[in-house]
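Here are some notes for a first look at this structure. Please read them with the model open beside you.

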Amino acid sequence: MADSTTPSSSLNFTESSHVSNGSSSYGASSYNVSTSTGSETGGNLELLSLSKLSCSLEQLLVDSRFDYSDAEVIVEGISVGVHRCILASRSRVFHELFTQGNGSSGKEGKPKYCMSDLVPYGRVGFEAFNIFLSYLYTGKLKPSPLEVSTCVDALCAHDACRPAIDYAVELMYASAIFQITELVSLFQRRLLNFVEKAFVEDVIPILVVAFHCQLNQLVHHCVQRVARSDLDSISLEKELPYEVADNIKFFRRNQPDDKPNAVPVDPMHEQRIRRIHKALDSDDVELVKLLLTESEITLDDANALHYAAAYCDPKVVTEVLSLGLADINRKNVRGYTVLHVAAMRKEPSVIVSLLNNEVCALETTMDGQSAVRICRRLTRPKDYDAETKPGEESNKDRICIDILERETRRNAMAGATSISSPEMADDLHMKLLYLENRVAFARLYFPLEARLAMGTAHADTTYEFSGLSASKGSCGNLSREVDLNETPTMKNQRLCSRKEALLNTVKMGQRFFPHCSEELDKLMEDDLPDQLYLDKGTPDQKRIKRARFLELKEDVQKAFDKDISELSRSGFLSSSSSSSSRKGGGKYKVRKTLR
Ligand SMILES: [Zn+2]
């Protein structure tokens with residue numbers, strides 16, 4: 001970001017409440033370097049010495065040999081050493097805090113302050129606090145750390161995704177609470193930039209920080225934006241301070257009616273819906289049942305599943321699902337399914353609960369976002385890449401993405417079974433290519449097992465799909481000549497039966513060789529199908545392919561050995577070679593459960 005690398009230009013403040021106060025050093029006047037000096041050379045010298053001062057002070061923060069800190073601030077459980085004299089000289093709030101001297105005693109008797117106590121509403125994370133602190137010491141604003149200000153959606157420009165917004169919001173809280181006015185106006189501009197670009201859900205945290213920090217211009221912009229959006233009044237009431245939600249409703253009422261076909265609201269109906277929501281809020285699914293019998297209203301009328309997925313305890317979601325009265329794939333007025341809502345909440349247990357009830361993971365919102373994409377756009381690289389030691393709880397964001405991705409793959413395969421119409425031909429081809437490649441990989445890596453699985457699934461009696469060009473198939477011995485007499489219907493039938501056979505092959509593999517299947521899943525994800533054709537390409541490419549192949553083979557071999565040892569322990573290999581005899585055995589249902 002350009003503004004973060006050119007601090008001096010952005011610090012010609014437009015607003016400073018302390019400038020006129022001669023006795024205070026908290027104002028902006030001390031930054032007007034060039035105007036306070038007489039000559040050009042004097043100005044340069046002063047700039048140079050200020051820059052040196054800035055570097056020297058930075059050492060206090062970044063160089064562990066210069067640890068002269070005399071207080072600590074705990075942020076996200078991590079202790080950050082600070083120097084009271086510097087903080088007090090830079091911020092009136094710190095000055096007052098240290099004068100009162102009410103920090104609890106930390107290590108070596110240094111006073112200790114908790115960030116969460118200093119910022120009662122809102123939140124300032126470790127990275128944001130460090131950037132803020134560094135500004136206090138050096139007068140320079142460092143660039144945003146990517147691991148907390150971007151998301152893990154590869155297609156995102158990160159110009160208004162949630163992590164980018166949250167990071168700016170955190171710095172705004174810090175700047176406003178500690179009254180660093182020039183930073184407040186800088187981050188107010190950044191947040192204003194987000195308001196029009198962001199999804200309306202992501203405007204909410206901006207509105208909340210603007211409200212708490214009394215940034216009226218920002219509040220006004222956010223209120224306008226939310227009022228124009230289709231964000232429902234329940235979300236407004238749940239997520240915004242009372243006054244703000246009211247303000248938005250007021251704007252909406254006074255807007256010219258641009259929805260002529262909007263259904264007039266029946267107050268009685270509204271009231272019933274609210275009663276159901278209240279019952280859900282108090283985890284009382286029995287009461288929900290009672291309310292349903294008392295009137296014509298249905299769970300779907302009340303968007304009860306959406307509501308529970310967004311706001312209730314995960315066990316309430318499970319209970320509502322078990323009533324079997326709600327349409328699990330229903331979209332609300334904004335075009336979101338329950339799974340989309342659960343993805344926004346990033347609560348793995350709700351997501352699992354929904355997937356267990358066969359919710360469709362491929363469904364997209366009106367702007368084309370799938371549940372997994374929603375999750376990815378909300379997740380920071382820091383959380384996604386967080387390493388967990390054995391026994392440690394894994395990061396929830398990461399788990400949500402993993403579960404949804406696995407399910408998306410599974411659904412993509414399941415979807416292939418129902419496709420028969422000619423207009424879906426492209427889709428059919430894509431799925432066939434995927435399955436063909438997957439099975440070919442399996443044949444390459446563990447021929448015996450692949451043969452067993454293909455045999456059981458009767459895949460060896462259908463013809464290999466050789467792609468649109470009919471020129472590949474270097475691995476298969478079942479390639480078929482192009483038949484000019486074949487009608488489109490016959491061709492469609494042939495391809496469909498091939499797809500069925502491959503799908504069954506994959507299912508067999510998943511059931512009996514789950515570890516291998518998982519390796520194959522990974523392989524299909526991170527490798528182009530063409531990697532399979534090791535003989536293609538320049539000598540260099542071939543060499544790389546070969547090396548990668550050997551590496552993968554080792555992985556797959558390990559997984560395979562694990563499967564074999566599990567199977568022989570269970571007596572499968574010695575007692576029977578028929579796959580159907582194991583049906584219903586719980587032992588191999590590994591795929592459905594979470595690792
Ligand atoms: Zn992003």
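1. Start with the annotation. UniProt positions are given in the numbering used here, and annotations may be inferred rather than shown by experiment. With that in mind, UniProt places the feature "domain: C2HC NPR-type" at residues 148-162, in an unreviewed entry.

2. Now the whole chain. The model is predicted. The protein chain holds 29 helices and four strands. Of its 595 residues, 33% are buried. Take the contacts between residues at least 6 apart in sequence: 66% of them join residues at least 24 apart.

3. Next, a helix pair. Two packed helices are described by the angle between their axes and the distance between the axes. For helix H12 (residues 216-228) and helix H14 (residues 242-253), the axes come within 9 Å and cross at roughly 60°. That angle makes H12 oblique to H14. The crossing of H12 past H14 is right-handed.

4. Which residues in H12 and H14 meet? H12 brings Val223, Gln224, Val226 and Ala227. H14 brings Val244, Asn247, Ile248, Phe251 and Arg252. By class, this contact has six nonpolar, two polar and one charged residues.

5. Then the backbone angles. Most residues other than glycine have a negative phi. Glu76 has a positive phi, near 50°. Glu76 sits in the loop between strand S1 (71-75) and strand S2 (78-82). Is Glu76 buried or partly exposed? Glu76 counts as partly exposed, because it has 14 C-beta neighbours inside 10 Å, and a buried residue needs 20 or more.

6. Gln179 is not a glycine, yet its phi is positive, at about 55°. Where is Gln179 found? Gln179 is in the loop between helix H9 (162-177) and helix H10 (181-197). Gln179 has 16 C-beta neighbours inside 10 Å, so it counts as partly exposed.

7. Last, Glu347. This residue is in the loop between helix H19 (338-345) and helix H20 (348-356). Glu347 has 19 C-beta neighbours inside 10 Å and therefore counts as partly exposed. Leaving aside neighbours within four places in sequence, Glu347 is in contact with Pro314 and Ala342. Glu347 and Ala310 are 37 residues apart in sequence, and their C-alpha atoms are 9.2 Å apart in space.

Note on methods. Residues numbered from 1 in each chain as written. Predicted model: local features only at pLDDT ≥ 70, side-chain atom pairs only at ≥ 80, totals over all residues. Axes fitted to C-alpha atoms, helices over the stretch in contact; angles between N-to-C directions. Helix = DSSP H or I, 4+ residues; strand = E, 2+ residues; numbered from the N terminus. Parallel < 35°, antiparallel > 145°, perpendicular 65-115°, else oblique. Left-handed = near helix turned anticlockwise from the far one by under 90°. Contact = placed C-beta atoms within 7 Å. Nonpolar A, V, L, I, M, F, W, Y, C, P; charged D, E, K, R; others polar. Buried ≥ 20, exposed ≤ 12 C-beta atoms within 10 Å, placed from the backbone.
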